[in-house]
Amino acid sequence: MRIGQGYDAHRFGGEGPLVVGGEKIDYEMGMVAHSDGDVLVHALCDALLGAAGLGDIGHHFPDSDAAYENIDSRVLLRQVVGNLAQRDMRVGNVDITLVAQAPKMAPHIQKMRENLSADLGVEVPRVNVKATTTEGMGFAGRKEGIACYAAALLETVG
Ligand SMILES: [Zn+2]
């Protein structure tokens, strides 16, 4: 088994939609980002790549490459999972913590788990997503953006 962790943060800005965990969330702003700004999926990709010893998302999908402009981050996630499969690794489980003062994440968490379950090729109970506020402290607390932490366990197959 191999373990990895990932972290990402994005700033609110522009118009929506706000995309988190593959879910479009109704909010007054979107994210400032080269891709769709899905902070959860980016943190998760980094956790998976980290567990596999394959560097990070910026290395595999550089900002400077126009191919990734406004891309659906779930496409990148599926590419990462495919890359793991080629190396005889599959996802054991993942655990994700969103840090957001706003918008409310709770109503969207089950759908996020289902989205990620499909992309990772594992059952929903192996995909945990939780959310916390920071009680008003820091950039998330000031509603400037959202941060996300992810942990992933990979299993070697064959
Ligand atoms: Zn990101």
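## A loop residue with positive phi

D88 sits in the loop between α3 and β5. This is a predicted model. The phi angle of D88 is near 60°, a positive value in a residue that is not glycine.

K143 is placed in the loop between α5 (138–141) and β7 (145–156). With 44% relative accessibility, K143 is partly exposed.

## Cis peptide bonds

The bond between G16 and P17 is cis, with omega about 5°. P17 belongs to the loop between β1 and β2 (18–20).

A cis bond also runs from A102 to P103, and here omega is near -5°. P103 is in the loop between β5 (89–99) and α4 (109–120).

## The zinc site

Which protein residues donate to the zinc ion? They are D8 through OD, H10 through NE2 and H42 through ND1, lying 2.0 Å from the ion. Along the sequence, these donors follow the spacing D-x1-H-x31-H.

In UniProt, an unreviewed entry lists D8, H10 and H42 under "binding site". They spread over 35 residues of sequence, yet they cluster in space. The largest C-alpha distance is 10.1 Å. The lining of the largest pocket includes D8, H10 and H42 from this set.

## A closer look at D8

D8 lies in strand β1. Is D8 buried or exposed? D8 is buried, because its relative accessible area is 17% and the limit for buried is under 20%. H10 is buried as well.

Beyond its neighbours within four places in sequence, D8 is in contact with V39, H42, A43, I146, A147 and C148. One of these contacts, H42, is also a donor to the zinc ion.

## The largest pocket

The largest pocket holds about 260 Å³ of space. It is lined by 15 residues, and those closest to its centre are S35, H42, I57, F61 and D63. By class, the lining has 7 nonpolar, 5 polar and 3 charged residues.

Three elements each supply at least two residues of this lining: β1 (2–13), α1 (39–52) and α2 (57–60). Which element gives the most? The answer is β1, with 3 residues.

## The second largest pocket

The volume of the second largest pocket is about 200 Å³. Its lining is made up of E15, G16, P17, V19, G22, K24, G30, M31, S35, D36, D72 and R74. By class, the lining divides into 3 nonpolar, 4 polar and 5 charged residues.

## A residue in helix α3

A85 is found in helix α3, which covers residues 73–86. What is the relative accessibility of A85? It is 47%, so A85 counts as partly exposed.

A85 and H60 are 25 residues apart in sequence. In space, they are 16 Å apart from C-alpha to C-alpha.

Note on methods:
Residues numbered from 1 in each chain as written. Predicted model: local features only at pLDDT ≥ 70, side-chain atom pairs only at ≥ 80, totals over all residues. Heavy atoms only, no water. 1 Å grid on protein atoms, 1.4 Å probe; cavity = no way out; pocket = protein on both sides within 12 Å on 5 of 7 lines; lining within 4 Å. Points joined across faces, edges and corners; volume = space filled by probe spheres on them. Helix = DSSP H or I, 4+ residues; strand = E, 2+ residues; numbered from the N terminus. Nonpolar A, V, L, I, M, F, W, Y, C, P; charged D, E, K, R; others polar. Donors = N, O, S within 2.8 Å, 3.2 Å for Na, K, Ca; no water. Buried < 20%, exposed > 50% of the residue type's maximum accessible area, 1.4 Å probe, protein only. UniProt positions renumbered as here; feature names shortened; annotations may be inferred. Contact = heavy atoms within 4.5 Å.
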